[in-house]
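Trainee: I have a model to go through and some questions about it. Please put it up on the screen.

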Amino acid sequence: MLSIVSIIFGALIGSFLNVCIFRLPKEESIVWPGSHCTHCNNPIKYYDNIPLVSYLLLKGRCRSCKGSISAQYPLVEGITALASLILFMRFGPSLSYLFYFAFVAALIVITVIDLYHQIIPDLISIPGIGVGLLASLIIPQINFLDSLIGVLLGGGSLFVVATLYQWLFKREGMGGGDVKLLAMIGAFLGWKAVILTILLGSLIGSITGIIIVVLKGKDFKYAIPFGPFLSLGAVIALFYQNEIITWYLQYKG
Ligand SMILES: [Zn+2]
């Protein structure tokens with residue numbers, strides 16, 4: 001029963017995340033009319049604004065003009081609902097569930113905005129650092145020192161790599177947004193997870209980059225955003241960091 005509540009709660013938050021995804025980068029782009037159809041500009045009625053359900057009932061089309069509604073809406077709602085369920089099953093009805101769900105929700109918004117705009121909004125990452133540090137004082141999964149070192153390591157290490165890259169190749173490889181994102185990941189998950197996130201993010205990012213080069217024949221210089229890969233690495237670290245570290249230490253001898 002509570003699992004179903006966590007799915008519904010997740011879908012509702014997902015609906016809110018869709019609004020954030022459109023409105024946060026608004027400062028740099030055109031004004032976005034949030035609850036209007038992008039084709040006919042008709043306002044969307046409340047009964048057509050139910051997460052996941054409305055998209056299915058309307059078969060992905062606007063009620064007024066039959067223009068197609070972006071698949072991003074149900075995708076973000078579905079992924080957020082699933083994340084809520086999985087975290088609820090892991091942490092149960094607890095503050096930890098709420099903190100990690102807020103963390104994953106922030107990563108979802110960052111991923112989609114980074115994919116569209118190649119920016120990571122400070123409005124999420126910087127408050128996220130504060131929330132993560134505060135959470136470490138309350139929840140049992142992490143202590144404050146671990147969280148603080150995570151922020152310093154996350155912010156510091158990528159800053160060093162980004163500066164070196166710029167100095168060597170005379171162009172920006174990683175944005176300042178990635179540095180702040182990694183500091184936020186450090187705040188929520190601790191310093192070990194930061195190292196794991198950089199390794200996993202770079203690995204998955206490189207493999208994806210090679211696939212894009214092979215399939216589309218694009219130059220390696222064609223920048224692909226790093227934020228989504230760091231986010232994915234962080235989610236893997238959230239669930240499996242202990243298992244991966246134990247496995248690594250055993251493997252090492
Ligand atoms: Zn329409």
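Trainee: Is Cys62 buried or exposed?

Mentor: Cys62 is buried, at a relative accessible area of 9%. Buried means under 20% relative accessible area, exposed means over 50%, and partly exposed is in between, using a 1.4 Å probe and protein chains only. Before you go on, note that this is a predicted model: local features need pLDDT of at least 70 and side-chain atom pairs count only at pLDDT 80 or more, while totals for chains, interfaces and linings use all residues. Residues are numbered from 1 along each chain as its sequence is written, and side-chain values use heavy atoms, with hydrogens and water left out.

Trainee: OK. Which residues are the protein donors of the zinc ion?

Mentor: They are Cys37, Cys40, Cys62 and Cys65, each through its SG atom, lying 2.3 Å from the zinc ion. Donors are N, O and S atoms within 2.8 Å of the metal, or 3.2 Å for Na, K and Ca; water is not among the atoms, so sites may look incomplete.

Trainee: How are the donor residues spaced in sequence?

Mentor: The spacing is C-x2-C-x21-C-x2-C.

Trainee: And what is the geometry of the zinc site?

Mentor: Tetrahedral, with angles of 105 to 114 degrees among the four donor atoms. Four donors count as tetrahedral if all angles lie between 85 and 135 degrees; four count as square planar and six as octahedral if opposite donors are over 155 degrees apart and all others between 65 and 115, and anything else is irregular.

Trainee: Where does Cys40 lie?

Mentor: Cys40 is in the loop between α1 and α2. Helices (H or I, at least four residues) and strands (E, at least two) are DSSP runs, numbered from the N terminus. Cys40 is partly exposed at 27%, and Cys65 is partly exposed too, with 33% relative accessibility.

Trainee: How far apart are Cys40 and Tyr116?

Mentor: In sequence they are 76 residues apart, and their C-alpha atoms are 23 Å apart in space.

Trainee: New topic. At what angle do α1 and α3 pack?

Mentor: Helix α1 (residues 2-23) and helix α3 (residues 72-91) pack at about 140 degrees, with their axes 7 Å apart. Axes are lines fitted to C-alpha atoms, for helices over the stretch in contact, and angles run from 0 to 180 degrees between N-to-C directions. The pair is therefore oblique. Angles under 35 degrees count as roughly parallel, over 145 as roughly antiparallel, 65 to 115 as roughly perpendicular and the rest as oblique.

Trainee: Is the crossing of α1 and α3 left-handed or right-handed?

Mentor: Right-handed. A crossing is right-handed if the near helix is turned clockwise from the far one by less than a right angle, and left-handed if anticlockwise. The residues of this contact of α1 with α3 are 13 nonpolar, nine polar and one charged. Ala, Val, Leu, Ile, Met, Phe, Trp, Tyr, Cys and Pro count as nonpolar, Asp, Glu, Lys and Arg as charged, and the others, Gly among them, as polar.

Trainee: What separates the C-alpha atoms of Leu85 and Ile7?

Mentor: A distance of 5.5 Å, although these residues are 78 apart along the chain. Leu85 lies in helix α3 and is buried at 17%. Glu77 is in helix α3 as well, and Glu77 is buried at 7%.

Trainee: How close do the axes of α8 and α9 come?

Mentor: Within 8 Å, where helix α8 (residues 191-216) crosses helix α9 (residues 227-252) at roughly 125 degrees. That makes this pair oblique, and the crossing is right-handed. Helix α7 (residues 176-189) packs on α8 at about 135 degrees, with the axes 8 Å apart. α7 and α8 are therefore oblique, and α7 passes α8 in a right-handed crossing.

Trainee: Last topic: what is phi of Lys59?

Mentor: Phi of Lys59 is positive, about 50 degrees, although Lys59 is not a glycine. Most residues other than glycine have a negative phi. Lys59 is in the loop between α2 (53-57) and α3, and Lys59 is exposed at 71%.

Trainee: Where is Gln118 found?

Mentor: In the loop between α4 (95-117) and α5 (122-138). Gln118 also has a positive phi, near 55 degrees, and Gln118 is partly exposed at 46%.
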